[in-house]
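Subject: A structure for you to explore

Hi there,

Here is the structure I promised to pass on. Have a look at it first, and then read on for what turned up.

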Amino acid sequence: MKICGIIAEYNPFHSGHAYQIAKARKQSRCDYVISVMSGDFVQRGAPALTDKYSRAREALYEGADLVLMLPVYGSTASAEGFARAGVAALLSTGIVDAISFGCEDTSVCSEPYLRLAQKLAHEQTDFRTALADRLATGVPYARARVEAVRSCFGRDFDLSLLDSPNNLLAFEYIRALARFDANMELVPVRRLGSYHDTGCPDANDSAVADGRVNTSPADVVFASASACRRALLSDSAKELQALEHACQIPAEVCRLLVDYTNNYDFLQEDDFSLPLHYALLAQRDSGYETFLDCGGDLSARIIKQLDSFENFSQFCDLLKNKSVTRARVARVLTHILLQLSAQMPAPLTSDNGTLPYLRVLGFRQSAAPLLHELKQRARVPLITRVPEAERMLSSEAMMYFKQDLFAAELYRSVLLQKCGRCYPDDYRRKIEIV
């Protein structure tokens with residue numbers, strides 16, 4: 001059997017995601033699609049709108065055959081760390097033949113960028129020196145890296161292509177494959193819409209056939225996940241109807257979201273303001289440099305500004321500056337909130353393209369042969385029931401697994417405080433089967 005993998009957040013799952021799954025299946029001619037999905041916290045340094053099991057169920061209804069969870073240290077990382085952990089998850093399965101990703105321009109998979117990925121896979125001394133020099137000037141890491149690449153390799157490459165966020169993430173997937181010396185078929189899917197769109201396009205009747213996204217629409221424009229989140233958080237019941245009417249969220253996903261909002265509320269970063277403030281106060285005397293991605297300058301600024309803390313989003317805006325983007329601030333604060341330490345052993349190395357474990361969130365009944373194959377060929381322990389983890393995992397792998405459990409329990413407790421309802425914890429929650 002041929003398997004295609006997708007790395008995603010589905011926050012929320014929208015019609016662009018369904019389109020990508022359909023295109024990935026068609027272009028790769030695969031038998032099954034595996035999605036590696038962020039858990040309860042996502043890459044922009046925020047909680048997901050809905051819990052991981054609900055989002056996994058939506059993905060399964062809309063074309064994914066099996067959903068695996070991306071551990072929290074990967075799901076809340078920078079684009080480089082997110083891509084590396086996601087690719088490692090696909091490699092850990094032992095069965096994925098192809099990787100599909102969205103991008104603004106499919107030429108990011110052309111030969112020049114493949115050569116650049118190889119050059120950057122194991123950063124050479126001259127590149128590391130150039131990067132350090134630019135970081136010393138106070139520019140953000142992403143900009144410093146682009147400038148370092150341009151100074152070392154700029155004569156050979158048009159780097160303007162990497163200014164687009166999904167092109168950059170696609171390039172990071174390619175770079176991670178090169179770093180792990182892995183060979184997968186690349187299946188790029190061109191995005192139909194803008195990552196930075198703030199609004200949702202009007203109805204795209206040509207995008208839907210028999211209630212599902214057409215695999216080759218000629219004139220469809222999909223809203224970004226950011227636009228869908230803004231709409232849902234403004235007035236979830238009204239906007240769900242509008243998004244479904246505009247074909248921006250599939251009808252079945254809208255039904256599942258209605259069921260969810262009948263019992264729970266969407267979560268956003270400010271819902272975690274109180275536990276974040278507590279975590280910051282508890283650590284103030286010793287500083288924050290022991291947490292992932294938090295350098296000395298940012299740690300000092302957090303300490304200096306802590307008395308001005310009002311809420312999560314306000315504090316992010318207060319801490320950002322020319323050298324540290326808001327997104328990085330949000331990720332660092334999330335790492336402090338979730339107690340993600342930089343002092344733990346690295347879960348991934350350049351010569352080990354595997355995660356400590358794989359965790360199944362759900363699968364389609366028709367994909368039972370896929371799950372059987374995964375159990376037979378996975379290169380790391382495969383967790384289908386949380387209570388089995390302690391028996392199956394090494395002590396080091398269990399450290400990372402407990403990070404996931406802590407993040408899930410915090411998410412669950414904040415949801416309980418917000419809406420007065422509690423769903424089962426990860427020990428009692430069963431994987432989704434549709």
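This is a predicted model: local features need pLDDT of at least 70, side-chain atom pairs count only at pLDDT 80 or more; totals for chains, interfaces and linings use all residues.

Phe 363 takes us to strand S10, which covers residues 358-363. S10 is mostly covered, with six of its six residues buried. As a general point, side chains in a regular strand alternate between the two faces of the sheet.

Now for the neighbours of S10. With strand S12 (residues 432-433), S10 pairs in the parallel sense over two bridges. Strand S11 (residues 382-383) also runs parallel to S10, and two bridges join them. Here Leu 358 has Leu 382 in S11 as its bridge partner. Strand S5 (residues 66-70) pairs with S10 in the antiparallel sense, over three bridges. In that pairing you will find Leu 68 opposite Val 360 of S10.

There is a helix to trace here too. Follow the chain from S10 through helix H16 (residues 368-377) to S11, and you have a right-handed β-α-β unit.

Among the buried ones are Ala 225, Cys 228, Arg 229 and Leu 232. What do the buried residues of H9 pack against? They pack against helix H10 (236-245).

Enjoy exploring, and send me your questions!

Best wishes

Methods. Residues are numbered from 1 along each chain as its sequence is written. Side-chain values use heavy atoms; hydrogens and water are left out. Buried means under 20% relative accessible area, exposed over 50%, partly exposed in between (1.4 Å probe, protein chains only). Helices (H or I, at least four residues) and strands (E, at least two) are DSSP runs, numbered from the N terminus. Two strands pair if DSSP finds at least two bridges between them. A crossover is right-handed if, with the strands pointing away from the viewer, the path from the first strand over the helix to the second runs clockwise. Contact means heavy atoms within 4.5 Å.
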